[in-house]
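Me: I've got a new model open and I'd like to learn how to read it. Could you take me through it step by step?

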Amino acid sequence: MKKTAKDRVMAAITDSPVADSPEALRRAQAEATLRPRDLAESLGVSEAHLLAARTGQGVTRIAAHPDGLVAGLAALGRLMALTRNDSIVSEVEGTYLDYRPGAHASMVLGPEIDLRIFASHWVHGFAVEAETKQGLRRSFQVFDAAGDAIHKVYLPLGADPDAWTALRDRLATGETSDRLETGPRGTVEAAIEAPEKAARLREEWDRLTDSHQFLMLCRKLRVNRLGAYRMAGAPHARRLAPEALGTLLHRLAETRVPTMIFAGNRGCIQIKSGPIGPIRPMGPWLNVLDPGFDMHLRGDHVAEVWAVTKPSRRGPAVSVEAFDERGALITQLFGHRTAEVDHNAAWIELVEALPAEVA
C-alpha cells in the first residue's frame, strides 16, 4: 500500500521522542503538508521546536528583544506583520514606523502597523529562509518561553534581501544548537468574579476617565476582565449572542464604518484600523481578505460576546469583545477613534442593534 504524506511524517518520528530529536523534526517537516503550527501540534512539540531543529539550515537564532528587532525593521520598508492567538490571525502589510520602547510595554505607532509589545514574552527569536512554491520567503519569528508564536514579520517575495540580511546578522546570537529548551504553557485564567463587590465596581467604573484605567480597577478589586463584565451587567456590559460577532463583522463590511480590530496574545497586540471589506466564510473561519489586510477568525470558538461601555474624557469608549469557552480573550473591536474623540456615532448604532444573549 502506498504511504501517504501523513504516514511518512509519522514514520519519521516513530519510536523517537520528537522534542529531543531534531533529526526527526527535520524529517517530519520535509514530508509535511500541514502549516507549521498544525504540524507542531500534531507532533506534540511547539512551533519554535520545529525552527530550532533547522538551525544552520535556513534558520538563524537571533536575539528576540524588540528593542533590537522591531527597532530595526523600519529600514526594511514594507513588510507583513502577523500576530495571532488560538482563534484569530491578523496579517497587516505596512512599515514599522515610530517604534517607542518602554519598560513594561513598547509600541509601534505607524498608520498601518500598530502594535503593543510586551517584551518579557519575547524569548526565542529566529531569522528564517524557507523555500515556497512562489520562491524564497524570508521572515523574523518570535516565540514565548513555551515556544508559542508571539509575532512574525515577513519580507515580501522578490524584495531586496540586503537590509533583511544585515539585520539578521546584527541580531544573530551565534547559537548553533538544533535543540530548544522551553517551559510549560501558561494556563488561561477563567472568569474571576466577586459578586459582593459588584456595586463598588459599578460606582468606580462610572468614575473612569480613560479606558486604560479599567484593568487597574480590575486588579484593585481582584477580579479580571471577563469577571468584571459578568458582575457589572448592563448598561456597563451587555451580554450578546455568540453569533453577534459575525453579525457585526458583516455589518461593518456592508456599511464601511471604520473600526479598530485588536488581535493578540500575551506578548503582542496588533491593531488594524479602518473599514473592512466583505466577510468570506470558509468552514468555521470568518475571513477578511482586503488589500494589505487579512484576518481569519474561528467563529466556532466564540463562547461569550460583550458590548462594553467605558467612560473617558473624550466620550464613551464602546467595544465588542469575544471570549472562548475557557475565558480567553479572542478579539476586541472598537469604533475608529481619534486623538480628540473616543466614540463614533455610526459604530455605536451598529453595536446597539446587535442581538442580546437569550437567557
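Reply: Accessible areas come from the Shrake-Rupley method with a 1.4 Å probe, and for residues only the protein chains shown count as cover. Here the protein chain has about 17,400 Å² of accessible surface, and carbon and sulfur atoms own 52% of that. Keep in mind that this is a predicted model, where local features need pLDDT of at least 70, side-chain atom pairs count only at pLDDT 80 or more, and totals for chains, interfaces and linings use all residues. Residues are numbered from 1 along each chain as its sequence is written, and side-chain values use heavy atoms, with hydrogens and water left out.

Me: What share of the 359 residues is buried?

Reply: Buried means under 20% relative accessible area (1.4 Å probe, protein chains only). In this protein chain, 50% of the 359 residues qualify.

Me: And how do I read a nonpolar core?

Reply: It's a set of buried Ala, Val, Leu, Ile, Met, Phe, Trp, Tyr and Cys residues joined through side-chain atoms within 4.5 Å. The largest one here holds 57 residues, and L69, L73, Y96, W122, F140 and W347 touch the most other members. Helix 9 (residues 244-255) is its top contributor, with 6 residues; helices are DSSP runs of H or I, at least four residues, numbered from the N terminus. Another core, of 18 residues, lies apart and includes L201 and F214.

Me: Which residues is W347 in contact with, leaving aside neighbours within four places in sequence?

Reply: Contact means heavy atoms within 4.5 Å. For W347, the partners are L248, L252, V257, T259, V318, S319, V320, L333, F334 and G335.

Me: Where do contacts fall along the sequence?

Reply: Among contacts with a separation of 6 or more, 61% join residues 24 or more positions apart.

Methods:
Helices (H or I, at least four residues) and strands (E, at least two) are DSSP runs, numbered from the N terminus.
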